[in-house]
Amino acid sequence: MYWLVVWTAIVTWCEAASKFPDGFQFGTATSAYQVEGGWNASDKSPSIWDVYIHENPSAIADHSTGDVACDSYHLWKEDISLARTLQLNFYRFSISWPRLLPEGFSNNVSEDGTRYYNNLINGLLTVGIEPVVTLYHWDLPQNLQDLGGWTNSKIVDWFVAYSRVAFTLFGDRVKTWVTINEPTSFCNVGYETGILAPGITSPGIGEYLCAKNALLSHAKAYRLYEQEFKDKYKGQVGLTDQHVWYEPKTPFQEQNAQMARELGQLYTFPIFSDIGGWPPNIESIIARNSRAEKFSSSRLPVFTEEEKKLVKGSADFCGVNYYTSRLVEKACHQEQKTFWPLYGSPELDLAFSYNSTWLPRYNWLASYPPGIRRLLKSLTERYGNIEIKIFENGFGTSDASLNDTIRVQYIRDHLEQVLLSITEDGVNVTAYTAWALIDNFEWNSGFKPRFGIVHVDYNDPNLKRTPRASAYYYADVIKKREI
Ligand code: PNW
C-alpha cells in the first residue's frame with residue numbers, strides 16, 4: 001500500500017513535470033515575403049525585397065526570388081487546413097505593408113489587400129485557430145525606402161498610420177499583435193552591413209538610426225492601441241526580437257560575454273527596464289568609441305526623456321525568437337569583429353564562435369537547447385516577472401526529406417528547456433512558436449534551406465504541401481500538451 005502511494009505520487013509528479021501549464025499556447029509562424037508570392041498582384045506596390053532581389057539576383061544563393069514563393073497569396077486555404085490538421089492554438093503570419101497600403105501611406109487602402117487578410121483571419125478563426133499578426137516582417141514599401149526608410153525619423157508617423165489601418169480593419173478579430181519582427185536582424189543586415197534589403201552599408205551609423213526609429217515606431221503604435229483600441233478589443237501588443245545566447249569562451253571571458261548580452265538588449269532594455277533608454281554601458285561605450293573616432297556626437301542617437309517614457313513599458317509581452325548561441329572572446333584580428341550578432345561585434349571588439357559539440361548544426365544555426373533556458377532566466381532576473389512569448393524557434397536543413405528526425409529532436413529538446421524554465425525557474429513564458437509552418441524563402445539563402453515542419457514541393461505547379469515527421473510530432477505535443 002505504502003509503495004502504491006509513493007508510486008502514484010511519482011507518476012503524478014512526472015506527469016506534472018512534463019506537462020505544459022493550462023493556457024500555454026502552441027503555434028507556428030511564417031512571414032509575408034517568405035510565403036505569399038503575388039509580388040505584383042492587383043494594386044500591390046514593390047517592397048524593398050522585390051526591388052533588392054530583382055536588381056541584385058546574385059545576392060541570393062540560388063538566384064531565386066520571392067515573386068511566387070509558396071504562393072500563399074492564392075493557396076491560403078491550404079495553409080489554414082494544415083494549421084487545422086496540426087490543431088495549432090495560433091498561427092503567426094505577417095501583413096505585407098505594400099499589399100495593404102500600396103502607396104505606403106494610409107491615404108490609399110487596398111481593397112484586395114484587405115480582402116486577402118480578412119480571408120486569412122476569418123478562415124483561421126472558423127477552424128478555431130487564433131491569428132497572431134506581425135505588422136512588419138522586413139518588407140517595407142520601396143517608396144518609403146526611397147525617402148530613407150528606417151533611417152528617416154518620419155517613419156514613426158508612417159508606421160503608426162499603417163498600424164492604425166490594421167488595428168481598425170482587423171482589431172475586432174486579431175487579439176495578439178507583433179509590431180516589429182527582429183529589429184536586431186533587419187537594422188543590421190539592412191542598414192549596417194547591407195547584405196540584405198535595402199542593402200545600405202553604413203556600419204556604426206545606419207543600424208543605430210534604424211534602431212531608434214524602430215523602437216519609437218513600435219512604442220507609438222503600442223500607445224495608439226492602448227489609447228484607442230484596447231478598451232474595445234482587449235488585445236495584446238508587443239515586439240519580438242531575435243536573441244542569441246552568449247557564453248564566455250573561457251572563464252576569463254565572462255565580462256566580455258556579459259557585454260555581448262548587454263548589446264543584445266538594445267531593443268529589450270528600453271522597453272522593460274525601470275530606467276528606460278539604451279542599456280547604459282552600451283550607450284557609454286558607443287559614445288566613447290564615437291569620440292575616439294572624432295565624431296562630434298555619439299553615433300547612437302540619444303533618447304529624450306519624453307521618448308524614454310514613451311518607450312518604457314510599451315509592451316504587453318516580450319517576444320523572443322531564439323535559434324542559437326555563441327561563445328564570446330576578445331577579437332584578435334580585425335576581420336573577427338564583424339556581423340553582429342552572430343560572428344562578432346565591431347563596437348565591443350568581440351569575436352564569436354560556436355562549440356563544436358553544439359549539434360546538429362546548419363550553417364549559422366548551431367543547436368544549443370540550454371541557451372534558451374538561460375536566456376529566459378536572464379530576462380526574468382533582469383526585468384522581473386514579464387510575460388514572454390517565444391515567437392520563433394526552429395531548425396533548417398538542406399535535406400528536404402519528410403523524415404526529419406533532426407528537426408523533431410531540435411524542437412523536442414528546446415521544448416524541454418522551455419518547460420524547465422517554467423517549472424524550475426519560474427519564468428512566465430506563455431507561448432511557443434515553431435518556425436516555420438511550411439518551407440519558405442529563406443532570404444539570401446533562397447529556397448535551399450528547409451525550415452518547414454511541412455514540406456513544400458517547389459517543382460509541383462501546385463506547390464503541394466506535405467507534413468513532415470516533425471509536424472506529426474508537434475501535433476502530438478499540442479494534443480497531449482506534454483513532451
Ligand atoms: C529569423 N540569428 O531570422 C526570421 O525572423 C525569419 O524570417 C527567418 O526565416 C528565420 O529566423 C530563420 O532564419 C533570423 O542570427 C536571422 O540567430 C538570424 C538569426 C535568427 C533569426
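This is a predicted model: local features need pLDDT of at least 70, side-chain atom pairs count only at pLDDT 80 or more; totals for chains, interfaces and linings use all residues.

Student: How many disulfides does the structure hold, and which residues form a disulfide?

Tutor: In general, a disulfide is a covalent bond between the sulfur atoms of two cysteines. The structure holds one. Cys 187 and Cys 210 form this disulfide, with their sulfur atoms 2.0 Å apart. Cys 187 belongs to helix α9 (residues 183-191) and Cys 210 to helix α10 (residues 206-228), so the pair ties together parts that are 23 residues apart in sequence. Both Cys 187 and Cys 210 are buried.

Student: Why is the disulfide of Cys 187 and Cys 210 described as left-handed?

Tutor: The torsion about their S-S bond is about -70 degrees, so the disulfide is left-handed.

Student: What of Cys 318?

Tutor: Cys 318 is in no disulfide; the nearest cysteine sulfur, that of Cys 187, lies 17 Å away. Cys 318 is buried, with a relative accessible area of 3%.

Student: Turning to charged side chains, how many salt bridges does the structure hold?

Tutor: A salt bridge is identified by distance: a side-chain nitrogen of Lys or Arg within 4 Å of a carboxyl oxygen of Asp or Glu. The structure holds 28 salt bridges. One of them pairs Arg 465 with Asp 79, the closest N and O atoms being 2.9 Å apart. This pair links distant parts of the chain, since Arg 465 is in strand β14 (residues 465-467) and Asp 79 in helix α4 (residues 72-85), 386 residues apart. Arg 465 is buried at 7% relative accessible area, and Asp 79 is buried at 3%.

Student: Where do Glu 226 and Arg 223 lie?

Tutor: Both lie in helix α10, three residues apart, about one turn of the helix. Glu 226 is partly exposed at 33% relative accessibility, whereas Arg 223 is buried at 15%.

Student: Finally, which residues of α16 are buried?

Tutor: Helix α16 (residues 370-383) has 14 residues. Gly 371, Ile 372, Leu 375, Leu 376, Leu 379, Thr 380 and Tyr 383 are its buried residues. Seen down the axis of α16, they fall within an arc of 165 degrees, so they line one face of the helix. Among the elements that cover them are β5 (236-248), β6 (318-330) and α17 (405-423). Just after α16, Gly 384 takes a positive phi of about 85 degrees.

Technical notes: Residues are numbered from 1 along each chain as its sequence is written. Side-chain values use heavy atoms; hydrogens and water are left out. Helices (H or I, at least four residues) and strands (E, at least two) are DSSP runs, numbered from the N terminus. The expected span of a helix is 1.5 Å times one less than its number of residues. Buried means under 20% relative accessible area, exposed over 50%, partly exposed in between (1.4 Å probe, protein chains only). The arc is that of the directions from the helix axis to the C-beta atoms. Contact means heavy atoms within 4.5 Å. A disulfide is a pair of cysteine sulfur atoms within 2.5 Å.
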